[in-house]
Amino acid sequence: MISVLNLMGLDDSHLVECQFQHKLQPQVCLAFKELQRAALADGIDCQIVSAYRDFAQQLAIWQRKWTGEKVLLDINEKPLQFALLSDEDKLQAILTWSALPGTSRHHWGTDLDIYDRNSVKQCGAPFQLVQSEYQDKNGPCFILNNWLSEHAHEFGFSRPYQDYHGGVAAEPWHLSYQSLAEEGMQTFELDALKPVLINHEIGGLNMILANLPSIYQRYVLNLGDR
């Protein structure tokens with residue numbers, strides 16, 4: 001049975017190496033390979049960009065954004081002027097695009113980001129994993145995006161961030177193995193996260209702790225209609 005440590009990205013013993021060192025839960029890996037074969041039969045080279053990320057990897061992303069080392073984006077993927085942002089502004093901007101360490105669905109081994117590798121290669125432009133690459137008619141992953149809307153559920157996958165609902169920005173590249181993800185969400189214990197965040201001296205700690213329940217509600221539980 002999956003544990004709270006698994007769900008916070010502190011223990012990956014529940015995972016297997018699926019493809020190219022990307023880790024997933026065994027059932028998720030099998031389901032993804034079935035989806036991948038079906039997509040390939042329709043001419044789509046569906047590959048993993050990112051799957052499991054541990055707490056340390058998510059923390060590194062967070063710290064770079066909190067200190068301004070990495071550019072923060074608004075909901076329209078436009079750069080923000082870091083020097084003009086309050087701590088609250090920074091918190092909301094980071095959470096729009098990056099999960100709070102310990103709460104990322106990528107910790108669970110149920111979620112992954114995907115792209116159409118061959119189409120991206122043929123496009124020739126640098127791949128950035130942005131909405132336009134999936135949503136614009138001429139985007140290299142537009143056909144994949146439409147295919148997933150029609151077929152992802154046939155393999156047990158949902159798309160929790162397909163649309164923006166006031167929390168996490170739309171991520172058309174994000175797949176979630178719904179049954180196991182829901183089990184993880186039910187098992188997760190928010191109180192267990194507090195000492196972990198304190199021990200790792202995460203940027204913005206005091207503001208995070210003061211707002212942790214609302215952060216969890218808005219950026220983890222707020223998925224709209226799946």
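Just past helix α9 in this predicted model, Glu 201 adopts a positive phi of about 50 degrees.

Helix α9 covers residues 190-199, and its buried residues are Leu 190, Leu 193, Val 196 and Leu 197. If you look down the axis of α9, these buried residues fall within an arc of 105 degrees, so they line one face of the helix. What do the buried residues of α9 pack against? Their partners are α3 (55-66), α10 (205-210) and α11 (212-221).

Let us follow one of those partners, α11. The axes of α9 and α11 come within 11 Å and cross at roughly 115 degrees, and the crossing is right-handed. On the α9 side, Leu 190, Leu 193, Lys 194 and Leu 197 take part, and they meet Leu 212, Pro 213 and Tyr 216 of α11. Sorted by class, this contact has six nonpolar residues, no polar ones and one charged residue.

Helix α8 is worth a stop as well. It spans residues 178-187, and Thr 187 belongs to it. The C-alpha atom of Thr 187 is separated by 7.5 Å from that of Ser 3, although the two residues are 184 residues apart along the chain. Setting aside neighbours within four places in sequence, Thr 187 is in contact with Ile 2, Val 4 and Leu 7.

Now turn to helix α7, residues 142-151. Its buried residues are Leu 144, Asn 145, Trp 147, Leu 148 and His 151. Viewed down the axis of α7, they fall within an arc of 165 degrees, so they too line one face of their helix. The face turned away from the buried side of α7 holds the exposed residues Ile 143 and Glu 150. Which elements do the buried residues of α7 pack against? They pack against α2, β3 (46-50), β4 (111-116), α6 (132-135) and β6 (174-177).

Helix α2 leads us on to the cysteines. How many disulfides does a search of the whole structure find? The search finds one, and it joins Cys 18 to Cys 29, with an S to S distance of 2.2 Å. Cys 18 lies in strand β1 (residues 16-19) and Cys 29 in helix α2 (residues 26-41), so the pair ties together parts that are eleven residues apart in sequence. The torsion about the S-S bond of Cys 18 and Cys 29 is about 90 degrees, so this disulfide is right-handed. Both ends can be checked for burial: with 9% relative accessibility Cys 18 counts as buried, and with 5% Cys 29 counts as buried, because buried means under 20%.

At 1% relative accessibility, Cys 46 counts as buried. Cys 123 is in no disulfide either, as the nearest cysteine sulfur, that of Cys 141, is 8.9 Å away. At 43% relative accessibility, Cys 123 counts as partly exposed.

Definitions and conventions: Residues are numbered from 1 along each chain as its sequence is written. This is a predicted model: local features need pLDDT of at least 70, side-chain atom pairs count only at pLDDT 80 or more; totals for chains, interfaces and linings use all residues. Side-chain values use heavy atoms; hydrogens and water are left out. Buried means under 20% relative accessible area, exposed over 50%, partly exposed in between (1.4 Å probe, protein chains only). Helices (H or I, at least four residues) and strands (E, at least two) are DSSP runs, numbered from the N terminus. The arc is that of the directions from the helix axis to the C-beta atoms. Contact means heavy atoms within 4.5 Å. A disulfide is a pair of cysteine sulfur atoms within 2.5 Å. Axes are lines fitted to C-alpha atoms, for helices over the stretch in contact, and angles run from 0 to 180 degrees between N-to-C directions. A crossing is left-handed if the near helix is turned anticlockwise from the far one by less than a right angle, and right-handed if clockwise. Ala, Val, Leu, Ile, Met, Phe, Trp, Tyr, Cys and Pro count as nonpolar, Asp, Glu, Lys and Arg as charged, and the others, Gly among them, as polar.
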